[in-house]
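Here is a short briefing for a first look at this structure. Keep the sequence and the 3D view open as you read.

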Amino acid sequence: MKILYLIHQFYPEFRTGTEKFVYNIALMAQRSGNKVKVVTYSFYENSFYDQEYDGILSREFIFEGIPIIAFKLKCEYIGLNIHLKDESLYGFAKKIIDDESPDIIHIGHPMRVHEFIKVAIEKRIPYILTLTDFFMMCPKVNLAPDKYTLCSGPQRGSECRILCAEFNDRFISHRLDLAENYLKNAEQIVSPSKFLAVLFSQEFSGINIQIINHGLRYKFIKQNNRIYKGGVKLVFGCAGTLAYHKGVHILLKAFASIENRDVELKIYGSGEKDYTSYLRNITSTDKRVTFCGTYLSEQLGEIFSGIDVMIVPSVCYENYPFVLHEALASNVPVIASNIGGMAEKIKDNFNGLTFNTGSFKDLMRKMTLIIEHPDILNKMKANIKNQIVIPTVEQEAYNYLQLYKRTLLKKLQFLGNS
């Protein structure tokens, strides 16, 4: 099979969860004998590109064995990251699909690559769409009208009118119509979490969503088998993109409120410059906090071996945070916000604890509970080891490959009957 993967951004520029998912699936599909290629929007300097077509710069290269077509609008515009339609990208999308002639298209994220979906529909090329966040229903991506508010969906625009008045009714209505068209024309819609699937099913009636959990590359995972008793020094950890919606500031405020000096907090990751500076200012005098920088997948075993409890303090709905599952696979309990896909996976006093989203005081109480009674971690770790199963990337890829095969068979049967 020739499989074309579409994503809004990709390696080596960006390394968050969606990029990791697409890379893993493309790599597994390639190893199974399929011809794969990733098409992604990119943000390199103009001098990086060696092709230009109708105002769009592009370059093809290989990253860790995966062929990539990176493209960029020569003249970017403000609405690039919120629209589901852009006629200036249509001609380029058509050219790429004509040149590649894929059997199947798999969309890892539709932002900036939506015109490829339009071309796929016109050319009757079957496509699979994996939902990794709320972008299809929300131009702000995370159903967060502002830093302090969450909503449960646009409800055909009625909530947008109340909470996001900067978008006019016509824009929201047209955008939702486009999203519904893209969803209903998909051969299959997939979600890694039940939470995300439920919200999309409520907003767009009549769509069928299959659950396929993201898998992990276990060759980088190592079991943390530390046993706890009173008086031990604990190390809390947080990892991922340093951005406001990830809630790291909530964690730092909670940690600053803990008087115990025999604890440590390690922050892994990088992100927005202003936000990162803000985080460092919060902790400038607290020697218990260490900013450890970015990390590679190959370092996961080392990182989780040195962490006793992972904190996932997001202030927005998370779909399927990789770091949460990497922690569980490493036998490390998790304290997480009590919303979205996080609450779906973390059960209080079983494999971790949850806290009231955005409340640093509640998070501080949960962290203090563990500091004062570290032995409760032993039970949590036993539960994780004996009852929590995180799929491998091979298992995830197998499910997608079966989906590809069924899709291709259906296409061939249709062509044979036409």
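At 19% relative accessibility, Glu-264 counts as buried, because the cut-off for buried is under 20%. Glu-264 lies in strand S11. The model is a predicted one.

**Around Glu-264**
- Not counting residues up to four places away in sequence, Glu-264 touches Lys-233, Leu-234, Val-235, Phe-236, Phe-255, Arg-288 and Thr-290.
- Strand S11 covers residues 263-268 and pairs with S12 in the parallel sense, over four bridges.
- Within this pairing, Lys-266 stands opposite Thr-290 in S12.

**The protein as a whole**
- The protein has 14 helices and 15 strands.
- Its radius of gyration is 22 Å, close to the 22 Å that the globule rule gives for 418 residues, so the protein is as compact as a globular protein of that length.
- Taken along the principal axes, the C-alpha atoms fill a box of roughly 70 × 45 × 45 Å.
- Of the 418 residues, 55% are buried.
- Take the contacts between residues at least 6 apart in sequence: 70% of them join residues at least 24 apart.

**The six-stranded sheet**
- Six strands form an open sheet in the order S12-S11-S10-S13-S14-S15, and the pairing is parallel.
- Strand S12 (289-293) and strand S15 (352-355) are the edge strands, and each pairs on one side only.
- On average, neighbouring strands of this sheet are turned by 20° against each other, direction ignored.
- Helix H12 (residues 360-372) packs on the sheet. H12 touches strand S10 (234-239), S11, strand S13 (309-312), strand S14 (334-337) and S15. The direction of H12 makes about 155° with that of S15.

**Helices H12 and H10**
- At 1.5 Å a residue, the 13 residues of H12 should span 18 Å, and the end C-alpha atoms of H12 are 18 Å apart, which agrees.
- Asp-362, Leu-363, Met-367, Ile-370 and Ile-371 are the buried residues of H12.
- Helix H10 (residues 322-329) is mostly covered, with eight of its eight residues buried. Phe-322, His-325 and Glu-326 are among them.
- After H10 comes Asn-331, whose phi is positive, near 65°.

**The nine-stranded sheet**
- Nine strands form an open sheet with mixed pairing, in the order S3-S4-S5-S2-S1-S6-S7-S8-S9.
- Its edge strands are strand S3 (51-53) and strand S9 (209-211), and each pairs on one side only.
- Neighbouring strands here are turned by 25° against each other on average, direction ignored.
- Strand S1 (residues 2-7) and S2 run parallel and are joined by six bridges.
- Two facing pairs are Lys-2 opposite Lys-35 in S2, and Tyr-5 opposite Val-38 in S2.
- Strand S2 (residues 35-41) has six of its seven residues buried, so S2 is largely enclosed by the rest of the structure.

- H1 lies across S1, S2, strand S4 (56-63), strand S5 (66-73), strand S6 (104-107) and strand S7 (127-130). H1 runs at about 175° to S1.
- Helix H3 (residues 114-123) packs on the sheet as well, touching S1, S2, S5, S6 and S7. The direction of H3 makes about 145° with that of S7.

**Nonpolar cores**
- The largest nonpolar core has 117 residues. Tyr-5, Phe-116, Phe-134, Phe-200 and Met-310 touch the most other members.
- Helix H1 (residues 17-31) gives the most to this core, with eight residues.
- A second, separate core has 31 residues, including Leu-252, Phe-255, Ile-267 and Leu-279.
- Phe-200 touches Leu-131, Asp-133, Phe-134, Met-136, Met-137, Leu-183, Ile-207 and Ile-209, not counting residues up to four places away in sequence.

**Leu-89 in helix H2**
- Leu-89 lies in helix H2 (residues 87-100).
- At 3% relative accessibility, Leu-89 counts as buried.
- Leaving aside neighbours within four places in sequence, Leu-89 is in contact with Ile-56, Phe-71, Leu-73, Arg-112 and Glu-115.
- Leu-89 and His-214 are 125 residues apart along the chain, and their C-alpha atoms are separated by 30 Å.

Note on methods
Residues numbered from 1 in each chain as written. Predicted model: local features only at pLDDT ≥ 70, side-chain atom pairs only at ≥ 80, totals over all residues. Heavy atoms only, no water. Core = buried A, V, L, I, M, F, W, Y, C linked by side-chain atoms within 4.5 Å. Buried < 20%, exposed > 50% of the residue type's maximum accessible area, 1.4 Å probe, protein only. Contact = heavy atoms within 4.5 Å. Pairing = 2+ DSSP bridges. Axes fitted to C-alpha atoms, helices over the stretch in contact; angles between N-to-C directions. Expected span 1.5 Å × (residues − 1). Rg over C-alpha atoms; globule rule 2.2 N^0.38 Å.
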